[in-house]
Amino acid sequence: VNKSAFNAVAIDAKGLHNSTQNLSDALAKVPGLKLREAGGVGSDMILSLDGFSGKHVKLFIDGVPQEGVGSSFGLNNIPINFADRIEVYRGVVPVGFGTDALGGVINIVTNKNRKNWFLDASYSYGSFNTHKSYVNFGQTFKNGLTYEINAFQNYSDNSYYVDTPVEEFYEGGGSAINTDKVEHVKRFHDNYHNEAVVGKVGLVDKKWADRLMIGLAYSRMYKEIQTGVVQKVVFGEKYRKGNSLMPSLEYRKRNLFVRNLDVAFTANYNRNFTNNVDTATYRFNWLGEKTSLKGRKGEQSYQDMKSDNDNWNATFTANYHIGTAHTFVLNHVLNAFHRENHNSVSVDESNTIAKVTRKNITGFSYRLMPSEHWNLSVFGKYYNQYNAGPVSASTSGTSNYVRLTNNVSSVGYGAAGTYFILSGLQAKLSYEKAYRLPTNEELFGDEDLELGKIGLNPEKSDNLNFNLSYNRQLGKHGLYVETGLIYRNTSDYIYRSIETTSNRSYGSYSNYGSVETKGYHISARYNYSCWVSIGGNFTQMDVRDNVEKTQTGQESLTYGARMPNLPYRFANSDISFFWRNLWKKGNTLTVTYDNMYVHGFPLYSEALGAVETKDIVPTQFSHNLGITYSLKNGRYNVSFECKNFTDEKLYDNFSLQKAGRAFYGKVRVYFGGN
């Protein structure tokens with residue numbers, strides 16, 4: 001992956017399997033990548049990669065898109081042990097993924113090469129009554145029959161402290177907030193748990209199939225909702241629950257029918273049920289005190305909303321090789337979504353109209369690789385999306401909904417090349433005319449805290465990437481240095497903002513005329529033998545408003561200003577020490593320190609309003625420490641971690657404070673192998 005023409009990096013996850021991290025923690029060390037969580041375990045998460053965030057970055061597991069799979073399979077819930085490696089593609093994405101990502105792709109790759117019986121099991125416990133467990137076992141028989149089970153769970157009270165003004169309730173129904181008085185209060189309604197199990201059975205290494213697998217995944221979740229999209233909104237009874245059942249099929253064959261024709265086909269159907277419940281007759285403050293809603297019901301919006309979501313995904317990829325120099329790839333991806341809602345406590349005419357999307361993306365590419373010193377890929381993509389759903393056609397004094405449909409299609413293209421200037425010195429250059437189709441949440445919302453907009457246009461972008469890396473091993477000394485430059489010119493940029501109506505806050509989406517992104521990242525790593533590894537990276541991204549004039553012809557007040565609510569400067573570093581054969585041969589003690597720096601960034605446009613009145617996500621610098629002792633070459637492992645040991649106030653989103661200092665321990669056993 002690292003040597004391909006695409007601006008990509010592969011992370012070996014096996015070295016992190018003894019930590020209490022999930023996949024999102026591991027990704028935080030990738031240059032240009034920032035993960036933004038709304039709180040603790042199970043909270044909503046947004047990815048930011050090279051200035052693009054949220055739905056701009058697509059998630060895959062073993063090359064299969066993960067749209068609509070439910071929160072249990074979010075990056076901040078999947079344990080690190082689930083992955084063998086993690087691939088991160090920036091900007092231009094290989095046709096084989098068949099996706100409409102503008103920012104890039106994250107592909108979680110699991111270990112498919114185990115030949116013997118194996119078992120990997122772990123359990124961790126830590127602050128805020130947090131429990132996490134994972135078990136993975138399976139076997140491949142001599143006749144080709146294979147099976148594998150993955151199961152994991154997360155539980156946390158998320159009962160950490162936050163610093164915030166507290167609304168005071170008066171007798172008689174009045175209330176007031178002294179914004180100058182900040183109190184240290186404990187979260188009291190933020191319990192989260194999820195459970196998931198994935199089972200696969202099939203055949204491998206047959207004449208007619210290299211791999212044929214049938215799978216079934218089940219997951220469920222329960223989440224108490226403590227706050228809205230800003231921390232001053234406090235909930236005391238609102239919650240969400242759901243479950244998902246997903247059968248799947250995977251088929252792969254090299255040299256199908258003719259030599260050098262490799263084919264892969266995957267398909268899955270996901271039946272996802274979500275229930276948003278908000279039926280309280282009280283509202284709460286941060287002390288857990290409550291007062292009557294005075295005839296109104298629902299802390300945010302009165303509902304007992306049941307959403308039935310059906311997701312279909314199918315991917316087909318064919319690779320044809322002519323010698324070692326020429327490769328042709330054809331890929332097609334179908335994604336279909338259907339949602340029906342029923343609110344059992346109130347009548348909403350919009351719920352009588354189903355919400356539907358269908359995406360078809362077809363890609364074709366050609367790669368020329370005449371030698372190991374350079375290669376070039378060119379490609380084209382065809383995008384098509386059909387959307388249907390309710391829109392308000394209200395007239396004065398009435399509420400009326402009609403069914404709106406729209407169909408959009410686009411053609412994109414691009415090229416990527418790489419050249420090895422010297423041994424270990426590699427240059428990469430790529431360009432793409434890319435399109436991103438709106439996601440289900442952007443079109444239809446989440447039926448709770450996010451408002452959708454069915455009329456959103458696809459994003460269009462010119463993406464340019466340049467990357468230079470140097471990798472050298474001299475005896476016991478290893479050095480890796482990389483720098484990357486990115487440029488994006490995006491029109492119809494889909495922007496998420498915070499909208500307040502009747503003292504209620506929501507996230508909403510809209511198209512923004514034009515946005516220009518320029519930036520760079522630098523990363524380096526040094527290792528000495530098997531004893532020490534030290535590295536870090538720095539990212540600077542300027543995402544600027546590129547609209548010179550408004551629709552009325554007036555000059556835009558925000559032209560040239562940074563797009564708000566986006567981190568634009570951040571860095572991290574880490575160092576690990578290894579003591580091999582400590583006390584006994586095959587035992588290893590590992591001590592790791594890492595940190596994360598995020599420069600402050602404004603919630604709203606920096607070009608509007610007075611500086612002293614601006615809402616800002618503050619500058620942060622956090623530190624973590626971990627110790628692991630492994631016995632018998634990794635068969636038995638014990639780990640202890642302290643996260644944020646300086647108790648820094650951490651925020652990924654404005655006013656939504658994350659946990660302070662926390663301690664975790666983990667035990668893991670591993671038997672079997674390849």
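This report walks through a predicted protein model, from the whole chain down to single residues.

## About the model

Because the model is predicted, local features need pLDDT of at least 70 and side-chain atom pairs count only at pLDDT 80 or more, while totals for chains, interfaces and linings use all residues. Residues are numbered from 1 along each chain as its sequence is written, and side-chain values use heavy atoms, with hydrogens and water left out.

## The whole chain

Let's start with the big picture. The protein chain has 2 helices and 41 strands. Both are DSSP runs numbered from the N terminus: helices are H or I with at least four residues, and strands are E with at least two. Along the principal axes, the C-alpha atoms fill a box of roughly 75 × 60 × 50 Å.

Of the 674 residues, 53% count as buried. Buried means under 20% relative accessible area, exposed means over 50%, and partly exposed lies in between (1.4 Å probe, protein chains only). The accessible surface comes to about 29900 Å², and 56% of this belongs to carbon and sulfur atoms. Such areas come from the Shrake-Rupley method with a 1.4 Å probe; for residues, only the protein chains shown count as cover.

Contact means heavy atoms within 4.5 Å. Among contacts between residues at least 6 apart in sequence, 65% join residues at least 24 apart.

## Two threonines in strands

Now find T418, which sits in strand β26 (residues 401-422). T418 counts as buried because its relative accessibility is 4%. Its side chain makes a polar contact with the side chain of Q426 at 2.9 Å. A polar contact is a pair of N or O atoms within 3.5 Å; within protein, one must be able to donate a hydrogen and the other to accept it, and residues adjacent in sequence count only if both atoms are side-chain atoms. Leaving aside neighbours within four places in sequence, T418 is in contact with several residues, including K3, H373, W374 and K428.

T140 belongs to strand β10 (residues 130-140). With a relative accessible area of 16%, T140 is buried. The side chains of T140 and T146 make a polar contact (3.0 Å). W117 is 23 residues away from T140 along the chain, and their C-alpha atoms are separated by 6.8 Å.

## A buried glycine in a loop

G228 lies in the loop between β17 (211-224) and β18 (239-253). Its relative accessibility is 8%, so G228 counts as buried. Not counting residues up to four places away in sequence, G228 touches V233, F235 and L656. From C-alpha to C-alpha, G228 and N76 are 19 Å apart in space, and they are 152 residues apart in sequence.

## Two positive phi angles

Most residues other than glycine have a negative phi. N260 has a positive phi, near 80°, and lies in the loop between β18 and β19 (261-278). At 27% relative accessibility, N260 is partly exposed.

S529 also has a positive phi, near 50°. This serine is in the loop between β31 (504-528) and β32 (532-545). S529 counts as partly exposed, at 30% relative accessibility.
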